[in-house]
Amino acid sequence: MMIGQEIKRGIIDENPILVLALGLCPSLAVSTSVQNGFGMGMAATFVLTCSNVIISLLRKVIPDKVRIPCFIVIIAMFVTIVQLVLKAYLPALDKQLGIFVPLIVVNCIILGRAEAYASRNNVFKSLIDGLVMGVGFTFALCILSVIREILGSNKLLGFKFVPGFQPMTVFILAPGGFFTIAFVMGVVRYIGNRKRGVRR
Amino acid sequence: MMNPISLIEISIGAIFINNFVLSRFLGLCPFFGVSKKVSSAAGMGMAVIFVMTIASSFSWVIFNYILHPYHIEYLRTIVFILVIAGLVQLVEMALQKYSPTLYESLGIFLPLITTNCAVLGVAIINTDLNQTTGSPYTFIESLLNGIMSGVGFSLALLLMAGIREKTEFSPVPKALEGLPIAFITAGLMALAFLGFSGLNFFPAVGG
């Protein structure tokens, strides 16, 4: 297994948001600024990696019939840890992310990786898979939030970006989230199609 | 607290102003996954209303009579997701036994709903502090919020399915086929729903 190849798979070939279209709710809701997007990505990466490792360790113990509830409890445990840590050390970020911190629990990426990968592979592979998928998620969130923050509030990481540019507030609001992900996804597909030689 | 006007406010707010899909970004996976046909969208919508109503009432009772008195609010996430998963399973079994026709129409959608963030979302919103009044919802308000959020979700889902059925054979640029064009449609719908955010019912009383 090549680490480099795995990273490419997580970020480009099987990017959870832009290619597989998983975990859409948090990615659209928190990508209003780069800080929020990055924070959410890190939180999800932590939960994904830890739950992947634990589920992979327990994969021979968990009975097949009740595996989904078991996965959910394991994931919920790590989400609770994240919630408490965020509340204690990063209260501002916790307020910004709000309801979407507890909602990491129902993020389809995490349950999806647990079901499709961690419950079938050994601990080391699952750890790498969790990290790689988490990085892909964070990367896509960062792209979305950079676009939305620049267009919507004319800022990048909280600093003024282009002087004299009137920000389009709609990009911070709900519709802008949908438009941004549509075009980013379109660009990714266009590039993918070009690579495969499908032209139009 | 229990005046009818606040109840009307909650209903309008949950359906139009804070529509779950189009302004809160909750429940996007089923919104894009099941919106290809109007008939299946209607089934999914009914199932979501059903589960959200049950989930918001049960989670309210559990939060206020078990978690809150014993000061274990931090277990909220684990408890709610388990309760919702259990409830969905129970409802599925009960439907299968007592109402096979309803099971036929809702059955396949029920397992999908367990991991729908809209259902867990409504339970969490109900027990969080309310932004306008500063206190959590009462039982009736939670129940109403659950039902109306479900109605709002179904409304958005049905509108989306109607649009997607019409545009299925439209010539769309190759790169935007499928999901991206659905996102753009949803964006336009969200833009239209943004108009409701200026809506202020009975400004003398609340809002």
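Residues are numbered from 1 along each chain as its sequence is written, and chains are lettered from A in the order in which they are written. In this predicted model, local features need pLDDT of at least 70, side-chain atom pairs count only at pLDDT 80 or more, and totals for chains, interfaces and linings use all residues; side-chain values use heavy atoms, without hydrogens and water.

Chain B touches chain A through 38 residues, and 38 residues of chain A are in contact with them (contact: heavy atoms within 4.5 Å). The buried area is about 3,300 Å² (accessible area, 1.4 Å probe, lost by two parts on being put together, summed over both). Carbon and sulfur atoms give 84% of this area. Phe25(B), Lys174(B) and Phe183(B) supply 21% of what chain B buries against chain A, more than any other three residues.

Helices H2 (28–33), H4 (76–98), H7 (117–127) and H9 (179–194) of chain B each give two or more residues to the side that touches chain A (helices: DSSP runs of H or I, at least four residues, numbered from the N terminus). H9(B) gives the largest share, 10 residues. Zero salt bridges are counted between chain B and chain A (salt bridge: side-chain nitrogen of Lys or Arg within 4 Å of a carboxyl oxygen of Asp or Glu).

A nonpolar surface patch on chain A covers about 590 Å² (residues with over 30% relative accessible area and no salt bridge; nonpolar side chains, Val, Leu, Ile, Met, Phe, Trp and Tyr, joined within 5 Å). Phe46(A), Met77(A), Ile81(A), Val85(A), Tyr89(A) and Leu90(A) make the patch. Its largest share, four residues, comes from helix H4 (residues 67–89) of chain A.

Over all chains, three salt bridges are found. Arg67(A) pairs with Glu115(A), with the closest N and O atoms 2.8 Å apart. This pair links helix H4 to helix H6 (residues 108–118) of chain A, across 48 residues.

How values were computed. Patches are made of residues with over 30% relative accessible area and no salt bridge: like charges are joined within 9 Å, nonpolar side chains (Val, Leu, Ile, Met, Phe, Trp, Tyr) within 5 Å. Accessible areas come from the Shrake-Rupley method with a 1.4 Å probe; for residues, only the protein chains shown count as cover.
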